[in-house]
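User: I'd like to learn how to read a protein model feature by feature. Could you walk me through this one?

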Amino acid sequence: MEDSALLRYSRHLLLEPWGAETQERLTRAHVLIVGVGGLGSPASLYLAAAGVGTLTLCDGDVVDLTNLQRQIALSSSDVGGLKVNATAERLRQLNPTIDVHADPRRVAPGAWGERLGGVDLVLDCCDDFATRFALNQACHERGIPLVSGAVIRFSAQISVFDFRRQDTPCYACLYPPESRTEEEERCALLGVFAPLAGTTGTLQAGEALKVLSGVGNPLVGRVLLLDGLSGEFRTVRLLRDPLCPVCGEGVRA
């Protein structure tokens with residue numbers, strides 16, 4: 001590693017299980033972040049700062065004044081422009097040694113597989129169930145780890161679906177597709193506690209770094225639940241559903 005990289009990542013390199021080889025793995029990694037709002041904004045900042053070599057940001061939304069309460073990669077001067085462009089520029093300023101790609105195209109549910117070529121990990125930071133289900137399906141089919149996060153009001157949850165492992169459950173094990181409707185739980189209607197969105201996105205970045213580096217124990221087969229009002233965190237087990245339409249028995253060996 002060059003001297004500048006040793007300095008930039010020195011606080012990670014000092015960690016006992018980390019080291020230069022781990023940092024090099026991050027440098028070679030490609031992460032797709034779907035949604036650069038309340039979750040994707042802090043997640044992308046931490047992944048860029050940590051030195052993930054390639055970040056692709058996918059979001060078709062335009063910056064609105066209401067976004068600035070929680071989407072910390074944005075500023076008032078960005079209002080009216082594309083979120084991915086503003087966020088990508090912020091990440092390049094933060095770490096000019098990485099590659100950042102902005103993708104503002106809308107993606108049909110069945111077309112996510114086309115976006116996953118060369119991607120090592122996906123962060124689901126979106127706010128609609130159709131996209132979550134589609135990402136889960138596409139990542140499962142291609143064996144790509146998926147870090148899922150969601151926040152609404154004062155509640156949040158995070159889980160990791162590592163589809164490189166045969167025993168991992170998936171998002172559809174947690175929420176069967178037929179049990180959810182698109183009209184449920186949108187922060188534009190129900191509100192969201194800004195610091196909780198930041199905490200959730202930051203934890204998603206941490207889970208992504210653990211998966212990419214091989215350091216630590218990611219939230220596979222577990223769901224981390226956060227209560228922003230009480231300050232309580234708890235973890236519940238998530239087992240693979242043998243009848244799951246995505247990963248159940250007979251769906252994928």
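Analyst: Here is a short tour, from the whole chain down to single residues. This is a predicted model, where local features need pLDDT of at least 70, side-chain atom pairs count only at pLDDT 80 or more, and totals for chains, interfaces and linings use all residues. Residues are numbered from 1 along each chain as its sequence is written, and side-chain values use heavy atoms, with hydrogens and water left out.

User: Thanks! How many helices and strands does the protein chain have?

Analyst: Helices (H or I, at least four residues) and strands (E, at least two) are DSSP runs, numbered from the N terminus. The protein chain has 9 helices and 8 strands. Its radius of gyration is 17 Å, close to the 18 Å that the globule rule gives for 253 residues, so the chain is as compact as a globular protein of that length. That radius is taken over C-alpha atoms, and the rule is 2.2 Å times the number of residues to the power 0.38. Along the principal axes, the C-alpha trace spans about 50 × 40 × 40 Å.

User: What share of the residues is buried?

Analyst: Buried means under 20% relative accessible area, exposed over 50%, and partly exposed in between (1.4 Å probe, protein chains only). By that scale, 52% of the 253 residues count as buried. The accessible surface comes to about 12,000 Å², with 52% of that area belonging to carbon and sulfur atoms. These areas come from the Shrake-Rupley method with a 1.4 Å probe; for residues, only the protein chains shown count as cover.

User: And what do contacts tell me about the fold?

Analyst: Contact means heavy atoms within 4.5 Å. Among the chain's contacts with a separation of 6 or more, 65% join residues 24 or more positions apart.

User: Which residues touch the most other members of the largest nonpolar core?

Analyst: The general idea is that in soluble globular proteins, nonpolar side chains tend to be buried together. A nonpolar core is a set of buried Ala, Val, Leu, Ile, Met, Phe, Trp, Tyr and Cys residues joined through side-chain atoms within 4.5 Å. The largest one here has 42 residues, and Val31, Ile33, Leu47, Leu55 and Leu123 touch the most other members. Helix α9 (residues 194-213) gives the most to this core, with 7 residues. A second, separate core of 30 residues includes Ala134, Tyr171, Cys244 and Val246.

User: Which residues is cysteine 247 in contact with?

Analyst: Cysteine 247 sits in the segment after β8 (232-237) and counts as buried at 1% relative accessibility. Apart from neighbours within four places in sequence, its contacts are His140, Thr168, Pro169, Cys170, Cys173 and Arg240. Histidine 140 belongs to helix α6 (residues 129-142) and is buried, with a relative accessible area of 4%. Leucine 238 is also found in the segment after β8 and counts as buried at 10% relative accessibility.
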